[in-house]
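Here are a few notes to go with the model, written for someone opening it for the first time. Have it on screen while you read.

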Amino acid sequence: MAISFDLSGKVALVTGANTGIGQAIAVALAEAGADVALAGRSRPGETLAAIAATGRRGIDIPVDLSSIAPVARVVDECVDALGGVDILVNNAGIIRRADLADFSEEDWDAVIDTNLKALFFLSQAASRSMVAKGAGKIINIASLLSFQGGIRVPSYAAAKSGVAGVTKAMANELAASGVQVNAIAPGYIATNNTAALQGDEIRNRQIVERIPAGRWGRPEDIAGAAVFLASPASDYVTGHVLAVDGGWLAR
C-alpha cells in the first residue's frame, strides 16, 4: 500500500497563522490539498494569499484565544464555512519574561490561559466532530521547554510542559475513536519572534554552536513535520512529542 501524505478533501484549522511557524504550517497543509481556516487576533492576509495561490480555500476567523469563551464558535465557523474540521493545529501562543522574584500573577495567567487552557478547550471542541466521524488529527505546538526549564520564562515552561502532558492524555482517550493527537517541539527557529536573538552576535553564535545541525531552523522545517502528522502516513502515531530541533536535545 502506498504511503499517503495527501490531504485532499480535508479541512484544517490553524491558530496563530499570520506569520512564522503557523503561517508555514497553514500554507504547507494547503499545498498538500487541505482547505484551511486561520484563527487568531492578527489578520492573516499574507497567509490567505499564499493559500489562495495553491488553489485551496482559506478563511479568516478573528478570535482572541486568551479566553476560552469563543472556542466553540471558532469550530462552528470552520465547519459552516469549509464543511468540517479534520485537522486542528494549536499554534497560537505568547511568552512573558521576568526574573522569578518579579514574575507577576498577570503574566502567569496570560501565558497559561493562551498557551494551555485555550489549547485544551479548542481541542475538546474540535474533537467532538472528529470522534463523530471516526477520524481526525490534533497537532499541538510544544517547545524545547516541554523538556527543559529555560530561564526567566516560568509560565511559558509550565505551559509547554503542560502541552506535552495534555497531548498524551488526549491521545490516550481519543485513539480508539480514530483521532490521533501529537505535538511538535520546535527548536530555535528563525522567525520574527526570535529576531532579537538572531541579531545578538554573541548569543546567536552560542545557539548555533549548540545545535548539531549548525544552523537555525526554518518555519518550513516545522511545516514538514506538521504535514506528516496531519496525513494518513501518521495514522499509527499518537501521544508523541516530536522535537524538530536540529539535534539540540541530543547534544
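What volume does the largest pocket have? The points below start there. This is a predicted model, where local features need pLDDT of at least 70 and side-chain atom pairs count only at pLDDT 80 or more, while totals for chains, interfaces and linings use all residues. Residues are numbered from 1 along each chain as its sequence is written, and side-chain values use heavy atoms, with hydrogens and water left out.

1. The largest pocket comes to about 1600 Å³. A pocket here is an open set of points on a 1 Å grid over the protein atoms alone, with protein on both sides within 12 Å along at least five of seven lines; a cavity is a set where a 1.4 Å probe fits but cannot get out, and lining residues have an atom within 4 Å of a point. Grid points are joined across faces, edges and corners, and a volume is the space filled by probe spheres set on them.

2. Around that largest pocket sit 50 lining residues, with Ile95, Arg97, Tyr156, Asn193 and Thr194 nearest its centre. By class they split into 23 nonpolar, 20 polar and seven charged (Ala, Val, Leu, Ile, Met, Phe, Trp, Tyr, Cys and Pro are nonpolar; Asp, Glu, Lys and Arg charged; the others, Gly among them, polar).

3. The second largest pocket has a volume of about 190 Å³. Its lining has 13 residues, and Lys10, Ala135, Gly136, Lys137 and Asp235 are the closest to its centre. Here the classes are four nonpolar, four polar and five charged.

4. There's one cavity of 30 Å³ or more, and the largest cavity holds about 60 Å³ of space. Its lining includes Thr15, Leu65 and Asn90. Five nonpolar and five polar residues make up that lining, with no charged ones.

5. Now the rings: the whole structure has four aromatic pairs (rings of Phe, Tyr and Trp, its six-membered ring, with centres within 6.5 Å; planes under 30 degrees apart are stacked, over 60 edge-to-face, the rest tilted). Phe5 and Phe228 make a tilted one, 6.5 Å centre to centre with 45° between the planes.

6. Tyr188 and Trp216 pair edge-to-face, at 5.6 Å centre to centre and 85° between the planes. Ring pairs also join Tyr188, Trp216 and Trp248 into a cluster. Arg210 lies over the face of Trp248, 4.1 Å from the ring centre (the cut-offs are NZ of Lys or CZ of Arg within 6 Å of the ring centre and within 35 degrees of the ring normal).
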